[in-house]
Amino acid sequence: MTTDLPSRRVLPHPARDEVRLESVLHALSDPVRMRIVRELAGAEAALSCSYFDLPVTKSTTTHHFRVLRESGVIQQVYEGTAKMNGLRREDLDALFPGLLDALLVAARRQATRDAQS
């Protein structure tokens with residue numbers, strides 16, 4: 001007998017007032033994590049982990065998403081068997097006005113410079 005109960009898998013996230021600047025900056029200091037954040041910032045909806053084509057192993061990808069979640073940069077929720085990821089832009093903008101946009105612009109400029117090299 002099966003039942004259609006909602007998933008009980010809930011991932012821990014820091015509350016808005018628990019998000020620390022140093023944790024956010026640490027999370028965004030890694031190029032792979034910054035790439036994830038750039039893609040999430042450009043998306044209109046949450047993206048599954050499998051959406052991302054990252055140049056690292058699956059276990060390393062899981063680590064990067066965990067660092068982003070535990071620092072308060074992203075929100076992760078399960079939808080069925082998929083883990084969906086969304087940027088916590090509202091929280092980050094409220095805590096650190098302008099920081100996320102400045103980092104995204106800087107990352108975009110760096111990516112352009114790198115592509116021209």
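In what order do the three strands form an open sheet? The order is β1-β3-β2, and the pairing is antiparallel. Strands are DSSP runs of E with at least two residues, helices are runs of H or I with at least four, and both are numbered from the N terminus. Two strands pair if DSSP finds at least two bridges between them. β1 (47–48) and β2 are the edge strands, each pairing on one side only.

The model is predicted; local features need pLDDT of at least 70 and side-chain atom pairs count only at pLDDT 80 or more, whereas totals for chains, interfaces and linings use all residues. Residues are numbered from 1 along each chain as its sequence is written, and side-chain values use heavy atoms, with hydrogens and water left out.

Strand β2 (residues 74–79) is joined to strand β3 (residues 82–87) by six bridges. The two strands run antiparallel. Tyrosine 78 has lysine 83 in β3 as its bridge partner. Glutamate 79 is partnered by alanine 82 in β3. The two strands β2 and β3 form a hairpin, with two residues between them. In the turn, glycine 80 has a positive phi of about 65 degrees.

α2 touches β1, β2 and β3, where contact means heavy atoms within 4.5 Å. The direction of α2 makes about 80 degrees with that of β3. Axes are lines fitted to C-alpha atoms, for helices over the stretch in contact, and angles run from 0 to 180 degrees between N-to-C directions. α3 lies across β2 and β3 and runs at about 115 degrees to β2.

Pockets were then examined. A pocket is an open set of points on a 1 Å grid over the protein atoms alone, where a 1.4 Å probe fits, with protein on both sides within 12 Å along at least five of seven lines; lining residues have an atom within 4 Å of a point. Grid points are joined across faces, edges and corners, and a volume is the space filled by probe spheres set on the points.

The largest pocket has a volume of about 270 Å³. Its lining has 13 residues, of which Pro31, Met34, Arg38, Ala107 and Gln110 are the closest to the centre. α2 (31–42) and α5 (99–116) each supply at least two lining residues. α5 gives the most, with six.

The second largest pocket holds about 220 Å³ of space. Among its lining residues are Cys49, Phe52, Arg66 and Lys83. Helix α3 (residues 58–71) provides the largest share of this lining, six residues.
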